[in-house]
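Student: I would like to learn how to read a structure step by step, beginning with a single pair of residues and ending with whole chains. Could you take me through one?

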Amino acid sequence: MNAHPGCGCGGSPAGGGCGGGRVEALPAASAFAALPVLPSTPCGGGAHAPATDPHEATLAQGERVLQELMAAGAATPAATDPTTVNPDDLTDDGGVSRRAFLTCVVAGCAAAATTGCGDFLHTAVGKKSFREYDKDEIAGLVKELEASARQKVGKDVKIGTTGALPGVEFGYALDVSRCIGCRRCVYACVEENNLSRDPQVHWIRVLEMDKDHGVDFAHANAYYDAEQVPRPGHFYLPVACQHCRDAPCVKSCPTGATWTEPDGIVVVDYDWCIGCRCCMAACPYGARHFNWAEPSVPTEAFNPDTHFLGNRPRSRGVVEKCTFCIQRVRNGRYPACVEVCPVGSRKFGNLLDPASEVRWILEHKRVFVLKAELATHPRFYYFYGS
Amino acid sequence: MKTLRDFARFLRDSVRAALTGGRTYWLWVGALGVLLGVGLYAYVHQLQVGLGATGMRDQVSWGFYIGNFTFLVGVADAAVLVVIPAYIYKWKPAREVVVFGLLLAIAAVTMAATFVLVDIGHPERLWHLFPVIGSLNLPGSLLAWDVVALNSYLILNVVIVLYGLFSLWRGKIPGRGVFLTMILVSIPVAIAVHTVTAFLYNGLASRPFWNSSILAPRFIASAFCSGPAVLVVLLQILRRVAKFDVANQVLWKLAELMAYAMGFNLFLLAAEVFKEFYSGTEHAQHLYYMFTGLDGHNAIVPYIWTSVICSVAAFFILLIPRLRRHPVLLNVGCALTFVGVYIEKGIGLVIPGLTPDTLGEIYEYVPTLTELGVTGGIFGLGALIFTFGVKASLPLLEKFREPPIPKT
């Protein structure tokens, strides 16, 4: 563990990294939109080298496996093109004919109407769901979006469209017995994914639970305020999108603006979402968040490395959620929360790879999923590592 | 071609009839216009600020708007309770007021759809919900189904009313054939609309308060109270203001049907309350939040008890023939029914369903002034639609009235 001055997790007196001692807790977002501005994260999110982490071996191993897999995937021509999106997502007869129809409509209206009306129709009716665009259109769209993002954010923003790699289904495993509830994952996620700072949006919610209640949402507390964590008598359960195999949110969306990618990531098309919030009512995990106001991220803090289906700039009035850091994991990196976790309780990898770390956990630890009775079949597992 | 020209003239006559009236009429229309203006002002504010201008947040992501939407879909069912006696049981007095039931349904469905519009984060993307140009997620999404059902019901009712009034305008009384077929089709469609709206909540396994198979029957039962409650009062107003003679039997029959529906509604509520409280699982938390408050959060408790008391009182007033035939008590019963069901659907359905949230958090939702303003505006809009509709159809109906039914 590198020393982080002023951060409870560096140089723990117990030695051997953060896992041994108690750690300063970062604040939770309040339930209200009118919030104090986010305090800076003492631990500094982002690239947190796990060099001296006690779980270095397993993390590095997992990453290597993942990278090998990505490299193997990259050998296929489809994956070398950064703007490639899985063809399954794009080609659809209905989409093409609808596109042709729309083109006619737009062209006709544009010709007949004044330029202003034409522009309006182009932006209003000419748009399609991300899944209906073909490759060339995506490239053009991304250019447009990057230009408007530059204006909005105040600096260059790259919007990637890397598609799912064949043979990859991402899975997550979280060690409940290690998590100390420090909320570093929450803030690393905020920084990586350009979550609004005012009002605060958090994709990860860390729940504090009583040891004598077990996993019990009715008595959970997301707003624990502590000098140091873990607090005696409590354990911690971070919850974000569970990337369900049978996702109720996807089913409930009236416009098909949210779907499951071939690699298992449940994504939202921010340009197609109408903001009806059916998905939020349907989600059993409180994982979906609505932009009740215009999201605001300071220019200098804006992470310019984004993905169309992930951390690119969002408008108010749309729903967003954890994407397993789609901009990272499709390029062979770990999600930010996995990297930042000071106790190594977060594990991530390819469920289809027998040698991956998540598969090792599924095989050797007993895992559970949240609200199994709802049959959502999450790709996010919890386990007691010790 | 002649028919088309006639139809245009009919429309012109109707608009003229709707826009002719005395001082009281224009005062009423003006008052509704003010209400609508306030609503527009509030909505523009909401568009500028975002939905953060409402009291809704991630924990309670639907609120007063969606509650009102649900209530109004129920009011739209009022038409059915007039259509069934009029055309299934061929009861003449009811037939004379069918058009008002249909107009009420049109106004209610329009208001319901408007409540959805003001609730969404990107209203300019509403067309994503339209067939062909949008991408309606069928058969998965219940909101997609609801869009289809609501629009079908709205179009059907508009066509029936226009067809019926146009026939009258041409000097014919719409009878069998197309008219009757459409009327009969509208009955199952009305039930379907409210059932689909119930399923919108009912299908969400994440929300145990809604995920109960008793929900759709409860929706129908309460709809059969609230819709006629509005209609009974409106018909009396018409009788007084427009001198349109409405038979007392119609009002009493509607009141009687309301009593049965309310009795059934209360029975279903009791069944729900028993199951939750007796089994006492964590799922009962939502009912506790509603009836007793939870951990000191009790913002909606007084409303819910008001609703229960009003509903029970209304049940007895409407059930006992001597009481429901009393000219004042009849309206008291209707008002109590309206208040009872409005609170039950507007506040008691959506808010406790989302409180506590799926991770056990209690966020106490209270609608903001913006929400109340927009809500008022939408009710103003609905009342305007109904007023204009009634005003346009009254002269045609008057012309073809059969001799008044002797009062009993």
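Tutor: Let us begin with one pair of facing residues: in this predicted model, A:Phe170 stands opposite A:Asn350, which lies in strand S12 of chain A.

Student: Which strands pair here, and in what sense?

Tutor: Strand S3 of chain A, residues 170–175, pairs with S12 of chain A in the antiparallel sense, and the pairing runs over five bridges.

Student: Is strand S12 of chain A mostly covered or mostly uncovered?

Tutor: To answer, we ask of each residue whether its relative accessible area is under 20%, the cut-off for buried. In S12 of chain A, residues 346–350, five of the five residues are buried, and the strand is therefore mostly covered.

Student: Why does A:Asp198 count as partly exposed?

Tutor: Partly exposed is the range between the buried cut-off of under 20% and the exposed cut-off of over 50%. A:Asp198 has 36% relative accessibility, so it counts as partly exposed.

Student: Where is the place of A:Asp198 in chain A?

Tutor: A:Asp198 sits in the loop between helix H7, residues 184–192, and strand S4, residues 205–210. Distance along the sequence and distance in space should be read separately, and A:Asp198 shows this with A:Pro295: the two are 97 residues apart in sequence, while their C-alpha atoms are 6.7 Å apart in space.

Student: How many helices and strands are there in chain A, and how many in chain B?

Tutor: Chain A has 12 helices and 14 strands, whereas chain B has 16 helices and zero strands.

Student: What share of each chain is buried?

Tutor: In chain A, 57% of the 386 residues are buried, and in chain B 58% of the 408 residues count as buried.

Student: What part of the accessible surface belongs to carbon and sulfur atoms?

Tutor: Chain A has an accessible surface of about 15000 Å², with 57% belonging to carbon and sulfur atoms, while chain B exposes about 16800 Å², of which carbon and sulfur atoms supply 71%.

Student: What does the radius of gyration say about chain B?

Tutor: The idea is to set the value beside that of a compact globule: with 408 residues such a globule would have a radius of gyration near 22 Å, and because chain B has 22 Å, the two agree. Taken along the principal axes, the C-alpha atoms of chain B fill a box of roughly 65 × 50 × 40 Å.

Methods
Residues are numbered from 1 along each chain as its sequence is written. Chains are lettered from A and ligands numbered from 1 in the order in which they are written. This is a predicted model: local features need pLDDT of at least 70, side-chain atom pairs count only at pLDDT 80 or more; totals for chains, interfaces and linings use all residues. Side-chain values use heavy atoms; hydrogens and water are left out. Helices (H or I, at least four residues) and strands (E, at least two) are DSSP runs, numbered from the N terminus. The radius of gyration is taken over C-alpha atoms; the globule rule is 2.2 Å times the number of residues to the power 0.38. Buried means under 20% relative accessible area, exposed over 50%, partly exposed in between (1.4 Å probe, protein chains only). Accessible areas come from the Shrake-Rupley method with a 1.4 Å probe; for residues, only the protein chains shown count as cover. Two strands pair if DSSP finds at least two bridges between them.
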